[in-house]
Amino acid sequence: MKLLFIGESWVIHMIHTKGYDSFTSTKYEEGATQLLTCLKDEGIDVTYVPAHEVQVRFPRTLEELKDYDAIVISDIGANSFLLQNSTFYQMEIVPNALELIKQFVAEGGGLAMIGGYLSFMGIEGKANYKNSPLAEVLPVLMEDGDDRVEMPQGFRPEAAKKHPLVDGFGQWPTLLGYNRLSAKENTDILLQHEADPILVLGSYEKGKTAIFASDCAPHWGSREFVEWKHYSAFWGGLMKTLV
């Protein structure tokens, strides 16, 4: 299986103030390092495109996308795909990257979205996928505006039905938040928290789709979750459902 994994990177710019004086520092971080290692250990051929490299590395044609079996989008907003530098600064007409993904799935590719502050609608609605071509493709309906549910007290998702992807794992580890979504008709809700779906499988035309409404890494992905003995098997299994 060949997987294109996009997102899960960020730059933090800090101001340090010490009395009268202050200085700044900047650091770059990636959140999916452990997950990507686990996927490779599960026999999946992963190509990783950090959020800031979408501008220069995301495939520009459907034919290039078809080199992959599935695409994962995690914690990167729609604007990173839509506001290409060539259009934003030079007013050039270029393919809509999200339309390419939609067509990729329609013709048999897989697509998963993992939750986070810039997934689905995200913080202050800035991820904005509800107003993008992927709203039709994903197996869930998104809310307007900020869809985060912060759970500092933690919650354990519960199995909604028996399915090979979630059977045999026992009690699920604690998570610290998720994006609130509603499952579309004719989808499979496999994990839930109260009335909210956490793991949903679906399809779009010839392709398969999935969402995990919480995070694969901190902070919603608690230490208990990322150190869970079934972490690798779960994510590897989820990716393989997309083909």
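Colleague: Let me start at the end of a helix: which residue follows α6, and is its phi positive or negative?

Modeller: Helix α6 is followed by G108, and the phi of G108 is positive, near 120°. Helices (H or I, at least four residues) and strands (E, at least two) are DSSP runs, numbered from the N terminus. Please keep in mind that this is a predicted model, where local features need pLDDT of at least 70 and side-chain atom pairs count only at pLDDT 80 or more, while totals for chains, interfaces and linings use all residues. Residues are numbered from 1 along each chain as its sequence is written, and side-chain values use heavy atoms, leaving out hydrogens and water.

Colleague: What caps the N-terminal end of α6?

Modeller: Look for a polar contact, a pair of N or O atoms within 3.5 Å; within protein, one must be able to donate a hydrogen and the other to accept it, and residues adjacent in sequence count only if both atoms are side-chain atoms. Here N96 is the cap: one of its side-chain oxygens lies 2.9 Å from the backbone nitrogen of L98.

Colleague: Why is helix α9 called largely enclosed by the rest of the structure?

Modeller: Because 7 of the 10 residues of α9 (residues 231-240) are buried. Among them are Y231, F234 and W235.

Colleague: Now a loop: is T187 buried or exposed?

Modeller: T187 sits in the loop between β11 (181-183) and β12 (188-193). Its relative accessible area is 19%, so T187 is buried. A contact means heavy atoms within 4.5 Å. Not counting residues up to four places away in sequence, T187 touches P139, V200, L201 and G202. A polar atom of the T187 side chain also lies 2.7 Å from the backbone oxygen of K184.

Colleague: In which sense do β12 and β13 pair?

Modeller: Two strands pair if DSSP finds at least two bridges between them. Strands β12 and β13 pair in the antiparallel sense over 5 bridges, and L191 has L199 of β13 as its bridge partner. Their hairpin has 2 residues between the strands, and E194 takes a positive phi near 55° there.

Conventions
Buried means under 20% relative accessible area, exposed over 50%, partly exposed in between (1.4 Å probe, protein chains only).
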